[in-house]
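Hello,

Please find below the structure I said I would hand over. My notes on it follow.

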Amino acid sequence: MESAILHRSLGKAYPTAVSGQGVYLITDNGQKILDGSSGAAVSSLGHGNTEVIEAVVTQARNLSFAHTSFFTSDPAEELARVIIDRSNGAFSKVTFLSSGSEAVETALKIARQHHIYNGEPERIHIIGRMHAYHGNTLGALAAGNNPPRRDAFSPLLSSAFHHVSRCFYDADGQGMSEGVYEDRLISEIESKIETLGPKTVAAMIVEPVGGATLGSVPPTRTYLPRLKDLCSRYGILLIFDEVMCGMGRVGSYHAWQQLGGVAPDLQTIGKGLGAGYQPLSAVLLAPKVVAAFEEGSKKSLKFTSGHTFQGHSMGCAGALAVHRILKRDQLISHVGEMGMLLESVLQKGLLSEINEYAVSMRGMGLFRTVDFGRMQVALGGPLAQEVADETFRRGAAVYTCSPAVDAILFAPPFIITAKEVAELSDIFVSALRAVTKRRK
Ligand code: PLP
């Protein structure tokens, strides 16, 4: 029967997923697919976790929804406190939304309003980075820079958004030390601020570990602390978008905790927050931003933003259960161990491609990318989509990064075992070999 859904590709027939258990998804024709990317780094606890399901169902029975214009709720309050407690003083308030894009939009609006409260309404500009992805709504698309996703809409995107270079030392830093590369990036950002007018920039937004577009690119060692220092000197708010790389995905609760340890002024989280059991995202606010809002509210100013489903009780109850399990089962340290195993198993499996085509790996925790290096030159064009399709046919789902790199992102559930890591790697390597043979 023809699908009634407006799918991403209308010419493609999508298999129907009907159930899930652990790291596997099952289709209506009985195919078992190892979820090697947790969708898009979402299903961190895998599928069919009865504890999370029970928490959501119990909450639904007690209270499914109460609009935040009138009420707060126990699960939202409790989840906010848990996140604040696990962030070691970095944040003092949280607001919950449904998607990562909504969280990014909200963070940008909070930044703007922070400056209005502080008597600097002229701060309107937002600086993002090339090849970043911050979501699909118009503001988030404008903040990011992923050409295929934004080009059709560029006439609709605000001219208040500006972009500087990405931080991708392995690709862009050839012939330079890491320090010199970092100096260049920081001085480029400073020049951009000076050109725009230092008192007109509201915020800078970055993914601490690049995700959807470039595939798990960690920054150079002191890039994030230097960025925070630069932004602070100019009174600019720094936003870390951890929608994809946060919530344990790279082996720490927040990615920035391993990347210089400096907290942002605002942070977005999503995806792994509800782990796919509920659509939930959030913006985390540093005490200094909260202070501006408190001052504003004394003057009867209001945060003029809100979404119908923000702070949804069922979403927050599910995410509370996710947090409980992450801690009790020490899953974030398991992410570190399984991430290293995945890298070493893939490296072993891809040895001949590494030697012949300079195929490389990068990433942290269970956020790992295989970059096809020179393979696309030798084999007549990009391979990532074809390899991902072949991998799927052979029983595993992996994520295609695009368009700036020819690469595949692995982001399996945190509960993955060593045996399942080996299975994922074997399926992927066999798919790559099949595609290589076809292309030769
Ligand atoms: N921010 C980042 C870093 C993302 O990777 C994504 C989605 O991939 C988003 C924001 C948007 O999240 P959503 O698709 O839930 O709107």
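Which residue in β3 is the bridge partner of isoleucine 26? It is lysine 32. Please keep in mind that the model is predicted.

The pair belongs to the contact between strand β2 (residues 24-27) and strand β3 (residues 32-35), which run antiparallel and are joined by 3 bridges. Helix α16 (residues 418-439) packs on this sheet, where it touches β3 and β13, and its direction makes about 105° with that of β3.

The sheet itself is open and has 4 strands in the order β1-β2-β3-β13, with mixed pairing. Its edges are β1 (17-21) and β13 (396-397); each has a single partner strand, so one side of each is left without a neighbour in the sheet. β1 is also hardly covered, since the count of buried residues among its 5 residues is 0. On its paired side, β1 runs antiparallel to β2, with 4 bridges joining the two. One of the facing pairs is alanine 17 and threonine 27, the latter in β2. The hairpin of β1 and β2 has 2 residues between the strands, and glycine 22 takes a positive phi near 60° there.

There is also an open sheet of 7 strands, in the order β4-β10-β9-β8-β7-β5-β6, again with mixed pairing. Here β4 (93-97) and β6 (161-164) stand at the edges; each has a single partner strand, so one side of each lacks a neighbour in the sheet. On average, and with direction ignored, neighbouring strands of this sheet are turned by 20° against each other. Strand β5 (residues 125-129) pairs with β6 in the parallel sense over 4 bridges. Within that pairing, glycine 128 has histidine 163 in β6 as its bridge partner. Helix α4 packs on the sheet and touches β4, β5, β7 (201-206), β8 (237-241), β9 (266-269) and β10 (281-285); the direction of α4 makes about 25° with that of β10.

Helix α4 (residues 100-117) matters for the ligand shell as well: with 3 residues, this helix gives the most to the shell. There are 16 residues around the ligand, and those that come nearest are Gly100, Ser101, Gly135, Val243 and Met244. By class, the shell divides into 6 nonpolar, 8 polar and 2 charged residues.

Is threonine 400 buried or exposed? It counts as buried, because it has 22 C-beta neighbours inside 10 Å, and the cut-off for buried is 20 or more. Leaving out residues up to four places away in sequence, threonine 400 touches Ala384, Gln385, Ala388 and Ile408. Leucine 424 is 24 residues from threonine 400 in sequence, and the two are 15 Å apart in space, C-alpha to C-alpha.

Finally, the overall figures. The secondary structure of the protein comes to 16 helices and 15 strands. The C-alpha trace spans about 70 × 60 × 45 Å along its principal axes. A compact globule of 440 residues would have a radius of gyration near 22 Å, and the protein agrees with this at 22 Å. Of the 440 residues, 50% count as buried. Among contacts between residues at least 6 apart in sequence, 73% join residues at least 24 apart.

Regards

Methods:
Residues numbered from 1 in each chain as written. Predicted model: local features only at pLDDT ≥ 70, side-chain atom pairs only at ≥ 80, totals over all residues. Pairing = 2+ DSSP bridges. Contact = placed C-beta atoms within 7 Å. Axes fitted to C-alpha atoms, helices over the stretch in contact; angles between N-to-C directions. Near = placed C-beta within 6 Å. Nonpolar A, V, L, I, M, F, W, Y, C, P; charged D, E, K, R; others polar. Rg over C-alpha atoms; globule rule 2.2 N^0.38 Å. Buried ≥ 20, exposed ≤ 12 C-beta atoms within 10 Å, placed from the backbone.
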